[in-house]
Amino acid sequence: MIVKRIIPCLDVKEGKVVKGTNFVSLRELGDPVAMASLYSKHGADEIIFLDISATNEGRQTMVDIVKDTAENVFVPFTVGGGVRTIDDVTRLLKAGADKVGMNSAAVANPELITESSLRFGAQCIVVAIDAKRFEDGWHVMTHGGSKDSGIDAIEWAKTAEQKGAGEILLTSVDTDGVKDGFDIELTKTVVDAVRIPVIASGGCGTPEHFSEVFEKTDVSAALAASIFHEETFSIRQVKDSCKKQGVNIREA
Amino acid sequence: MIAIVDYGMGNVASVSTAFKRLGYEVILTDNIAELEKASHIILPGVGSFQAAVEEINNRGLKEPLQRLANEKPFLGICLGMQLLFSEGYEAGFSKGLDIIPGTIEKIETEYLLPHIGWNALTIKKGHQPFQSFQDKHVYFVHSYQAKTDDKFIVASAEYGTEVPGIVQKENVFGIQFHPEKSGEVGVGILKAFLQEGQK
């Protein structure tokens, strides 16, 4: 059977890996290709790059990073951030990305999902959803989690599936950076609402947070950034913890 | 020199690098003379069966590939593996290269499709070069699978149904998953193919 995936996420700004807490205050960490290569050697099942560059030069650098990664990393990798048009999707896939993630642009124009999915196949189109809890439920947040779209996040997940998304990358804006565990309630609600794989993101602080989200929800994968980058825990430790809890993982 | 057939279906950078890492020279080409000179032929591919068949036919590659499959070690990867079979049913009916008897049909399973992710291999008895990959995880991305005689199946994965992972007919091998995305295990499987091909 298919295993649960453990995914390190690398936030890349102008060619360098950085990680924010609650989407603000960035600090520089390192070379994206070297880090992706190291993570794949340590047993990462997949790598996600999130490009948070603000400039065109930064975006062009990302394409070079993708090319370099395709030649040096032997696990699948996804690239998201700043994907606005079908040309952006084409450029990243052509450079060697296995999947492309789209967020704000898909909210503004859901047809971008359909167009990309029809051209390249649903398996390489990931819709990233940043969700935040409000009194009337979870809302989709855009622009790096800063802007409330007013759209219901659960309904949006279903729409993304209908439009042709192959996977959902679900980030809880409430738990992101807090390191107190994944947002179980949000994750479970989205996973139960769709028939495509969901990646849980936001809030991981210990290896046990991974096994918890796999035990309490049917999520396909879970993602973390800072616990790996800061070498608080290794991917090996996360997998050992999952295995001890009976989670089906890949031995690498 | 290993030739990777470049016929416009998907990115081949990782496949190419995987072989280079094993110490081989690699050429990406759809030129028949170049393919004839190569020691091994690799047929990669991502996309739909029908579109791939059209690309192969438009480039006049069908007959040369069928001939080369009789002459030297030949490996189809993912969609390239599916093309080795007689017929495909993705986006309508189309004829494949008909190198291995069988059809390509939608996976019948209660689980989610596409079949995406790391799944464990079960190696059939009698395939010694691949025995060390028993229970190893490899990366799959597909919705269609080969339906063929058991004697051509070297390895399979369980996904609510038996999904062929590695197939073989004499010097022709097919790999449904992505060895170039399957970490060290994937590289090891490519190495096993290269060693088998030299026999």
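Predicted model: local features only at pLDDT ≥ 70, side-chain atom pairs only at ≥ 80, totals over all residues.
Okay, let's start with chain A. It has 10 helices and 12 strands. Its C-alpha atoms fill a box of roughly 45 × 45 × 40 Å along the principal axes. For 252 residues, you'd expect a compact globule to have a radius of gyration near 18 Å, and chain A comes out at 16 Å, which agrees. Buried residues account for 54% of those 252. And if you take the contacts in chain A between residues at least 6 apart in sequence, 66% of them join residues at least 24 apart.

As a rule, in soluble globular proteins, nonpolar side chains tend to be buried together. Here the largest nonpolar core has 152 residues, and the ones that touch the most other members are A:Ile47, A:Val100, A:Ile168 and A:Ala222. Which strand gives this core its largest share? That's strand S7 of chain A, residues 125-134, with 6 residues.

Next, where the two chains meet. 23 residues of chain A are in contact with 21 residues of chain B. On the chain A side, those divide into 11 nonpolar, 5 polar and 7 charged.

Over to chain B, and the part I guess you've been waiting for. UniProt, in an unreviewed entry, lists B:Cys78, B:His178 and B:Glu180 under "active site". Where do these sit relative to one another, gathered or apart? They span 103 residues in sequence, but no two of their C-alpha atoms are more than 10.6 Å apart, so they gather at one spot.

Take B:Cys78. You'll find it in the loop between strand S4 (74-77) and helix H5 (79-83) of chain B. Buried or exposed? B:Cys78 has 26 C-beta neighbours inside 10 Å, and the cut-off for buried is 20 or more, so B:Cys78 counts as buried. Leaving aside neighbours within four places in sequence, B:Cys78 is in contact with B:Pro44, B:Gly45, B:Val46, B:His142, B:Gln176 and B:His178. Notice that B:His178, another residue from the UniProt list, is among those contacts.

Then B:Glu180. That residue lies in the loop between strand S13 (172-175) and helix H6 (183-197) of chain B. B:Glu180 is buried as well, with 27 other C-beta atoms within 10 Å. Again skipping neighbours within four places, B:Glu180 is in contact with B:Ser14, B:Val15, B:Ala18 and B:Gly186, and also with A:Phe74, from the other chain.

Now some sheet. In general, strands of a sheet pair through backbone hydrogen bonds, either parallel or antiparallel. Chain B has an open sheet of 4 strands, in the order S6-S5-S7-S10, with mixed pairing. Strands S6 (94-95) and S10 (144-147) stand at the edges with a single partner strand each, so one side of each is left without a neighbour in the sheet. Further in, S5 (residues 85-88) and S7 (residues 100-106) pair in the parallel sense over 3 bridges, and there B:Glu87 stands opposite B:Thr103.

With 11 C-beta neighbours inside 10 Å, B:Lys106 counts as exposed. How far apart in space are B:Lys106 and B:Tyr144? C-alpha to C-alpha it's 4.2 Å, although they are 38 residues apart in sequence. Beyond its sequence neighbours within four places, B:Lys106 is in contact with B:Ser143 and B:Tyr144.

Last stop, strand S12 of chain B, residues 162-169. It's mostly covered, with 6 of its 8 residues buried. On one pairing, S11 (residues 153-158) runs antiparallel to S12(B), joined by 5 bridges, with B:Glu158 opposite B:Glu162. That hairpin has 3 residues between the strands, and B:Gly160 takes a positive phi near 80 degrees. S12(B) also pairs with S13(B), antiparallel over 4 bridges, and B:Ile166 has B:Ile175 as its bridge partner. In that hairpin there are 2 residues between the strands, and B:Glu170 takes a positive phi near 55 degrees.

That's my tour, thanks.

How values were computed. Residues numbered from 1 in each chain as written. Chains lettered and ligands numbered in written order. Rg over C-alpha atoms; globule rule 2.2 N^0.38 Å. Buried ≥ 20, exposed ≤ 12 C-beta atoms within 10 Å, placed from the backbone. Contact = placed C-beta atoms within 7 Å. Pairing = 2+ DSSP bridges. Nonpolar A, V, L, I, M, F, W, Y, C, P; charged D, E, K, R; others polar. Core = buried A, V, L, I, M, F, W, Y, C linked by C-beta atoms within 7 Å. UniProt positions renumbered as here; feature names shortened; annotations may be inferred.
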